[in-house]
Amino acid sequence: MSVKSVHTIDIASFGSPPYKGEELVFEKHALFSDLRIHFPEVFKSWGRFKKETKRFWSMRRKLTDKIEEMLKEKLHVEGVHDGRGELKCGFMTSKLIELVLKVAYALPSEQGHGLLADFFVKGLKFEKGFFSALGIQILRIDQRKNTETTERMKQDMKHAVEEVREKCSGELESLRSSLSTLEGYRREIVRILERYLYVQVLDGYCDLILPPQTT
């Protein structure tokens, strides 16, 4: 495993939070307990990193809940699809919420912001009752009951993103600050680990017992 891949965290995630219960997923690795023995100085930063990770995801979850309600109102949809079975009419997918978060989070001054917004909003496609963005199905409408055109939906989506960016500016800035803090802790951990890259014998007893080799 590369030192550089100690932990990766981004504003958008189509999976679950990187922790279960009190532990980060990484801590469930079979060799994690040995890291505590061989690299005790890492854990001075690890505790802060872990605490900030949970704070970040708590703030992020509250914001995505808020975005969900805003999208329901702005796009005139009933709710979020539960992920089981066929996508129902009048429902959006959780991926739509993630995409709106990612587009709203990006600062206009950041490289690629315009490209991302263009792909997301201008690239919306409608086919057989489904709206898709970036190749991902995000919403299904009943054509018999809903006469909105693709262009109207693009406008509604654009306004929804702008509304999230405006009304949730404080929450978005808190997430930026938290991610910056997390990156600082991550760099600190990586610097410590890199000092050990070429050390052949590490201090501390290793409780990893390997089975005897047979020929």
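The model is predicted, so local features need pLDDT of at least 70 and side-chain atom pairs count only at pLDDT 80 or more, while totals for chains, interfaces and linings use all residues. Residues are numbered from 1 along each chain as its sequence is written, and side-chain values use heavy atoms, with hydrogens and water left out.

I start with the overall layout. The protein has 6 helices and 7 strands; these are DSSP runs, H or I of at least four residues for helices and E of at least two for strands, numbered from the N terminus. Along the sequence the order is β-β-α-α-β-β-α-α-β-β-β-α-α. Of the 215 residues, 41% count as buried, where buried means under 20% relative accessible area, exposed over 50%, and partly exposed in between, with a 1.4 Å probe and protein chains only. Taking contacts with a separation of 6 or more, 69% join residues 24 or more positions apart; contact means heavy atoms within 4.5 Å.

The axes of α2, residues 42-75, and α5, residues 150-167, come within 10 Å and cross at roughly 145°. Axes here are lines fitted to C-alpha atoms, for helices over the stretch in contact, and angles run from 0 to 180 degrees between N-to-C directions. On the α2 side the contact includes Lys66, Ile67 and Met70, and on the α5 side Met153, Asp156 and Met157 are among the residues involved. The contact residues divide into 8 nonpolar, 1 polar and 5 charged. Nonpolar covers Ala, Val, Leu, Ile, Met, Phe, Trp, Tyr, Cys and Pro; charged covers Asp, Glu, Lys and Arg; the others, Gly among them, are polar.

Now the rings. There are 4 aromatic pairs, defined by ring centres within 6.5 Å for Phe, Tyr and Trp (its six-membered ring), with planes under 30 degrees apart called stacked, over 60 edge-to-face and the rest tilted. Phe43 and Trp46 pair edge-to-face, at 6.4 Å centre to centre and 65° between the planes. They are 3 residues apart in α2, so about one helical turn separates them. Phe43 is buried at 17% relative accessible area, and Trp46 is buried at 5%. Phe126 and Phe131 form a tilted pair, 4.7 Å centre to centre with 45° between the planes. Phe126 is partly exposed at 27%, whereas Phe131 is buried at 1%. Phe43, Trp46 and Phe49 make up one aromatic cluster.

Last, charges over rings: NZ of Lys or CZ of Arg within 6 Å of the ring centre and within 35 degrees of the ring normal. Lys88 sits over Phe91 at 5.8 Å from the ring centre, and Arg176 lies over Tyr105 at 5.0 Å.
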